[in-house]
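Please take the sequence and the model together and follow the chain as the paragraphs below move through it. A few elements and residues are taken in turn.

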Amino acid sequence: MYATFRRYRMGAGSMDDAMHLADTELADRLAAEPGFIDYQVVATGDDTIMSMTIFEDEEQCLASNDIAAEFVREHLQAFEVERLDVFGGEVMVSRAAEKVLEPAHH
(Lines give C-alpha, C1' and ligand atoms only; values in the text may rest on other atoms or scores of the structure.)
Protein backbone atom coordinates (compact mmCIF):
# COMPACT_ATOMS: atom_id res chain seq x y z
CA MET A 1 0.00 0.00 0.00
CA TYR A 2 1.07 3.55 -0.73
CA ALA A 3 -0.16 6.81 0.79
CA THR A 4 -0.01 10.37 -0.41
CA PHE A 5 -0.59 13.42 1.77
CA ARG A 6 -1.61 16.79 0.38
CA ARG A 7 -1.76 19.98 2.44
CA TYR A 8 -3.76 23.01 1.32
CA ARG A 9 -4.64 26.51 2.49
CA MET A 10 -7.94 28.17 1.66
CA GLY A 11 -7.81 31.88 0.87
CA ALA A 12 -11.54 32.57 0.57
CA GLY A 13 -14.96 31.10 1.12
CA SER A 14 -16.42 28.64 3.58
CA MET A 15 -14.47 25.58 4.72
CA ASP A 16 -17.80 23.74 5.07
CA ASP A 17 -18.71 24.49 1.44
CA ALA A 18 -15.30 23.39 0.16
CA MET A 19 -15.44 20.18 2.20
CA HIS A 20 -18.93 19.45 0.90
CA LEU A 21 -17.54 19.61 -2.65
CA ALA A 22 -14.63 17.36 -1.70
CA ASP A 23 -17.10 14.91 -0.15
CA THR A 24 -19.59 14.84 -3.01
CA GLU A 25 -17.22 15.18 -5.97
CA LEU A 26 -13.61 14.23 -5.24
CA ALA A 27 -14.09 11.43 -2.69
CA ASP A 28 -16.38 9.46 -5.01
CA ARG A 29 -14.07 10.00 -7.97
CA LEU A 30 -11.06 8.72 -6.03
CA ALA A 31 -13.05 5.77 -4.66
CA ALA A 32 -13.90 4.72 -8.23
CA GLU A 33 -10.23 4.50 -9.23
CA PRO A 34 -8.54 1.07 -9.46
CA GLY A 35 -6.62 0.16 -6.33
CA PHE A 36 -8.39 2.67 -4.09
CA ILE A 37 -8.24 1.89 -0.36
CA ASP A 38 -8.88 5.06 1.66
CA TYR A 39 -9.39 8.83 1.48
CA GLN A 40 -9.54 11.15 4.49
CA VAL A 41 -9.55 14.94 4.85
CA VAL A 42 -8.68 16.65 8.13
CA ALA A 43 -9.21 20.31 9.04
CA THR A 44 -5.88 21.31 10.57
CA GLY A 45 -6.71 24.89 11.62
CA ASP A 46 -5.80 28.31 10.26
CA ASP A 47 -7.78 27.63 7.06
CA THR A 48 -5.61 24.61 6.25
CA ILE A 49 -6.58 21.05 5.47
CA MET A 50 -4.65 17.85 4.91
CA SER A 51 -5.82 14.91 2.86
CA MET A 52 -4.56 11.34 2.96
CA THR A 53 -5.17 8.95 0.10
CA ILE A 54 -4.14 5.29 0.12
CA PHE A 55 -3.97 3.02 -2.91
CA GLU A 56 -2.72 -0.51 -3.49
CA ASP A 57 0.36 0.55 -5.45
CA GLU A 58 2.58 3.57 -5.91
CA GLU A 59 1.52 4.35 -9.49
CA GLN A 60 -2.17 4.45 -8.55
CA CYS A 61 -1.39 6.58 -5.53
CA LEU A 62 0.66 9.09 -7.52
CA ALA A 63 -2.13 9.32 -10.10
CA SER A 64 -4.46 10.46 -7.30
CA ASN A 65 -2.35 13.62 -6.95
CA ASP A 66 -3.22 14.54 -10.55
CA ILE A 67 -6.91 13.84 -9.92
CA ALA A 68 -6.84 16.03 -6.81
CA ALA A 69 -5.03 18.86 -8.64
CA GLU A 70 -7.61 18.75 -11.43
CA PHE A 71 -10.42 18.85 -8.86
CA VAL A 72 -8.91 21.91 -7.17
CA ARG A 73 -8.56 23.71 -10.55
CA GLU A 74 -12.07 22.83 -11.72
CA HIS A 75 -14.13 23.04 -8.52
CA LEU A 76 -12.33 25.12 -5.89
CA GLN A 77 -11.17 28.21 -7.80
CA ALA A 78 -13.53 30.48 -5.85
CA PHE A 79 -11.97 29.27 -2.58
CA GLU A 80 -8.47 30.38 -3.65
CA VAL A 81 -7.02 27.02 -2.62
CA GLU A 82 -3.23 26.84 -2.54
CA ARG A 83 -1.46 23.49 -2.39
CA LEU A 84 1.25 23.83 0.25
CA ASP A 85 2.81 20.38 0.19
CA VAL A 86 2.57 16.90 -1.31
CA PHE A 87 4.46 13.90 -0.02
CA GLY A 88 3.94 10.20 0.40
CA GLY A 89 5.42 6.77 0.55
CA GLU A 90 4.90 3.12 1.29
CA VAL A 91 2.55 2.29 4.17
CA MET A 92 4.68 0.36 6.63
CA VAL A 93 2.20 -0.16 9.51
CA SER A 94 -1.58 -0.07 9.29
CA ARG A 95 -4.54 -0.64 11.62
CA ALA A 96 -8.15 0.41 11.27
CA ALA A 97 -11.32 -0.05 13.23
CA GLU A 98 -14.51 -1.00 11.43
CA LYS A 99 -15.78 2.53 11.98
CA VAL A 100 -13.33 3.82 9.36
CA LEU A 101 -15.35 1.90 6.77
CA GLU A 102 -18.36 4.13 7.43
CA PRO A 103 -18.11 7.24 5.20
CA ALA A 104 -17.92 10.53 7.05
CA HIS A 105 -19.85 13.25 5.22
CA HIS A 106 -19.59 16.97 5.44
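Helices (H or I, at least four residues) and strands (E, at least two) are DSSP runs, numbered from the N terminus. The model shown is a predicted one. With that naming, Ala12 falls in the loop that links strand E1 (2–10) to helix H1 (15–31). Ala12 is partly exposed, at a relative accessible area of 24%; the cut-off for buried is under 20%. Apart from neighbours within four places in sequence, Ala12 is in contact with Ala78, Phe79 and Glu80. Asp47 lies 35 residues from Ala12 along the chain, and the C-alpha atoms of the two are separated by 9.0 Å.

At the start of H1, a side-chain oxygen of Ser14 reaches to within 3.2 Å of the backbone nitrogen of Asp16. Further along, H1 has a kink of about 35°, centred on Asp23. Asp23 is also one of the buried residues of H1, which are Ala18, Met19, Ala22, Asp23, Leu26, Ala27 and Leu30. An α-helix has 3.6 residues a turn, so residues three or four places apart point the same way. The cover over the buried residues of H1 includes E1, strand E2 (36–45), E3 and helix H2 (58–75).

How do the two helices H1 and H2 lie against each other, and at what angle do their axes cross? The axes come within 11 Å and cross at roughly 150°. H1 is therefore roughly antiparallel to H2, since angles over 145 degrees count as such. On the H1 side the contact is made by Leu21, Ala22, Glu25, Leu26, Arg29 and Leu30, and on the H2 side by Ser64, Ile67, Ala68, Glu70, Phe71 and His75. The crossing of H1 and H2 is right-handed.

The last stop is strand E3 (residues 48–55), which holds Ser51 and Thr53. Ser51 is buried, with a relative accessible area of 2%, and Thr53 is buried as well, at 0%. Leaving out neighbours within four places in sequence, Ser51 is in contact with Thr4, Phe5, Arg6, Tyr8, Tyr39, Gln40 and Val41.

Terms used: Residues are numbered from 1 along each chain as its sequence is written. This is a predicted model: local features need pLDDT of at least 70, side-chain atom pairs count only at pLDDT 80 or more; totals for chains, interfaces and linings use all residues. Side-chain values use heavy atoms; hydrogens and water are left out. Buried means under 20% relative accessible area, exposed over 50%, partly exposed in between (1.4 Å probe, protein chains only). Contact means heavy atoms within 4.5 Å. The bend at a residue is the angle between axes fitted to the seven residues ending there and the seven starting there. A polar contact is a pair of N or O atoms within 3.5 Å; within protein, one must be able to donate a hydrogen and the other to accept it, and residues adjacent in sequence count only if both atoms are side-chain atoms. Axes are lines fitted to C-alpha atoms, for helices over the stretch in contact, and angles run from 0 to 180 degrees between N-to-C directions. Angles under 35 degrees count as roughly parallel, over 145 as roughly antiparallel, 65 to 115 as roughly perpendicular and the rest as oblique. A crossing is left-handed if the near helix is turned anticlockwise from the far one by less than a right angle, and right-handed if clockwise.
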